Amino acid sequence: MHETGYLKDVIVVLLAAVIFVPLFHRIKLGPVLGYLCAGMVIGPYGLELVSDSQEIHTLAKLGVVFLLFSIGLELPIDRIKVIGGSIVALGIAQIGLTTLAIAAAYFLATGDVGAALLTGGALALSSTAVVLRLLSERREITNRFGRSAVAVLLIQDLAFGPMLVLVLALEHDAVSPIGMVGFALLKGVIALVIILVVGRLILRPLLFHPVASSREPEIVAALTFLTILCIGLLAQFAGLSMEFGAFLAGILLAETSYRHQVAGDIEPVRGLFLGLFFMTVGMSINLLFAREIFIYVVVLALSLLVIKGILIAGLCRIVGFPAGQSLRFGAMLSQGGEFGFVLLGVGITKGIVDAQQGQLLITAVAFTMMVTPLLALLGRQIGRRIDGLDTIDVRAISKEGRDRSDRVVIAGFGRVGATVARFLRSKDIPFVAIDLDPARIHDAHNLGYPVFYGDATRPDILDAVGAENSRAVVVALDHPKDAVQLVTLLHYIFPRLKVIARARDDSHVEELQNAGANIVVPEYLDLGEHLATLVSGESPKPKDD
């Protein structure tokens with residue numbers, strides 16, 4: 001009977017996903033909100049169609065784990081290095097200031113120091129699952145905004161372990177939990193070093209190479225899942241989170257030739273389990289309880305969104321983000337998160353937080369997660385208007401792009417595109433660049449570079465920038481599929497145009513060549529200088545072995 005009941009729950013969950021997600025996608029509200037509403041409807045506080053949401057929640061947690069692993073695959077170490085100390089300082093300051101602000105407000109309302117500290121720490125953490133899902137949908141993981149958001153979320157994940165130690169210290173009325181927290185941090189650092197070093201020495205050469213040589217895809221997939229779970233559990237045992245361990249596993253495989261195969265293997269499972277996670281969040285919302293204290297839930301949720309959003313936006317301005325991007329950053333990370341559920345749940349179980357107050361806080365956090373997709377969309381639109389990027393000014397691009405017929409057009413102004421621009425400027429070769437990241441454009445304008453906001457894959461933008469009469473087009477887009485799409489378009493519209501493109505790996509090289517690129521440079525070379533020397537007509541400098 002138990003197996004039959006569990007099977008019924010699975011059928012109900014899958015049926016709800018099939019109904020709600022396409023519906024919310026059609027009305028432009030996104031899949032995350034669809035999953036959340038589906039969980040509310042079928043959960044124990046809705047139609048009670050699911051008898052045991054705890055078992056579903058156990059599976060759903062793997063969705064967040066797999067999500068962090070796939071993000072690690074998108075962020076190899078060389079990309080993480082360029083995040084910068086200012087973003088790390090932003091993450092640390094965000095946690096500290098948000099915790100103090102919320103704890104102060106809670107203490108004034110209740111007079112309970114322990115509960116105030118726990119609540120402040122729990123609500124300071126944002127939702128890794130919601131934010132990364134939104135960034136993935138918009139292909140923003142690898143641009144400056146996405147990398148900065150990922151960095152802040154990872155710092156929050158790292159803070160979860162010490163916060164949990166503090167909760168246990170509060171339970172035992174510890175006079176000074178500093179030693180406990182210090183020991184937890186030391187254990188975490190040791191685990192981090194062991195995972196990275198041992199992973200490089202063992203994981204790739206001794207495990208993945210012989211397994212991949214067997215040419216059995218299902219065995220490679222099994223080894224991938226085994227790697228994620230083992231490293232995740234090791235990280236959790238060391239006081240870090242299982243999700244952070246999965247992220248490290250992704251980084252370890254990001255620089256290998258197995259990256260694309262691994263990403264393809266995990267994608268369907270990741271999407272399904274992540275959807276289950278969002279549904280379990282919806283199931284945790286007690287609609288009857290929320291209705292009885294609706295005004296309190298709304299006030300708490302709005303207070304969290306406003307306080308946290310303002311603090312994050314202000315800190316972003318301090319570290320140099322444009323005003324619009326700062327607003328968008330605050331809107332994107334202003335919600336509570338899944339680790340907040342864990343901390344509040346432990347606090348309730350240990351008697352640190354009153355049960356009714358804890359349920360009120362959990363409900364408010366769930367509502368903030370539900371409205372995040374709408375806030376992110378609103379923040380993006382308003383942020384673009386504030387930064388003057390609400391629409392693509394084709395006339396401004398056209399004026400700049402047609403001033404010279406021998407210009408080089410750079411599509412994408414990330415790390416590689418900026419390197420190309422610096423080299424071309426040093427050789428007095430004129431160029432114009434287009435990009436969709438407002439923060440990059442803002443930084444480029446401060447340096448005097450002619451970079452414009454625009455989508456390089458649009459024919460009218462290519463025409464406006466004068467691509468047809470340009471000296472060459474350098475395709476330096478971050479996303480591989482976008483790069484192939486642009487090269488295909490350029491080859492079709494301007495078949496005689498010289499197109500030079502960056503490539504992630506050997507398979508991407510072949511795709512770009514088939515799409516019509518004249519010259520393709522893999523990432524393992526010194527991309528920026530190599531692309532620029534090809535444009536300028538110089539011979540690339542030979543590399544020492």
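L223 is buried, its relative accessible area being 10%, where buried stands for under 20%, exposed for over 50% and partly exposed for the range in between, with a 1.4 Å probe and protein chains only. The residue belongs to helix α10, which covers residues 217-237; helices (H or I, at least four residues) and strands (E, at least two) are DSSP runs, numbered from the N terminus. Between L223 and V262 there are 39 residues in sequence, while their C-alpha atoms are 9.6 Å apart in space.

E218 also lies in helix α10, but this residue counts as partly exposed because its relative accessibility is 49%. Its C-alpha atom is 8.6 Å from that of D265, although E218 and D265 are 47 residues apart in sequence.

## Basis of the values

The model is predicted, so that local features need pLDDT of at least 70 and side-chain atom pairs count only at pLDDT 80 or more, whereas totals for chains, interfaces and linings use all residues. Residues are numbered from 1 along each chain as its sequence is written, and side-chain values use heavy atoms, with hydrogens and water left out.

L186, V189, I190, V193, I194, V197, V198, L201, I202 and L234 make a nonpolar surface patch of about 850 Å². Patches consist of residues with over 30% relative accessible area and no salt bridge, like charges being joined within 9 Å and nonpolar side chains (Val, Leu, Ile, Met, Phe, Trp, Tyr) within 5 Å; the areas come from the Shrake-Rupley method with a 1.4 Å probe, and for residues only the protein chains shown count as cover.

Helix α9 (residues 178-213) supplies the largest share of this patch, namely nine residues. An α-helix has 3.6 residues a turn, so residues three or four places apart point the same way.

## Helix packing and an enclosed helix

Helix α14 (residues 294-318) packs against helix α17 (residues 355-386) at an angle of about 60 degrees, with 9 Å between the axes; axes are lines fitted to C-alpha atoms, for helices over the stretch in contact, and angles run from 0 to 180 degrees between N-to-C directions. The pair α14 and α17 is therefore oblique, given that angles under 35 degrees count as roughly parallel, over 145 as roughly antiparallel, 65 to 115 as roughly perpendicular and the rest as oblique.

For α22 and helix α23 (residues 506-515), the packing angle is about 20 degrees and the axes are 8 Å apart, which means that α22 is roughly parallel to α23. Helix α15 (residues 323-332) is largely enclosed by the rest of the structure, because eight of its 10 residues are buried; among them are R328, F329 and M332.

## The salt bridge and a positive phi

One salt bridge is found in a search of the whole structure, the term requiring a side-chain nitrogen of Lys or Arg within 4 Å of a carboxyl oxygen of Asp or Glu. D478 and R502 form a salt bridge in which the closest N and O atoms are 3.3 Å apart. This pair links distant parts of the chain, 24 residues apart, with D478 in the loop between β4 (472-475) and α22 (480-493) and R502 in strand β5 (residues 499-503). D478 counts as buried at 15% relative accessibility, and R502 counts as buried at 4%.

D428, in the loop between α19 (415-426) and β2 (431-435), has a phi near 60 degrees, a positive value in a residue other than glycine. With a relative accessible area of 69%, D428 is exposed.
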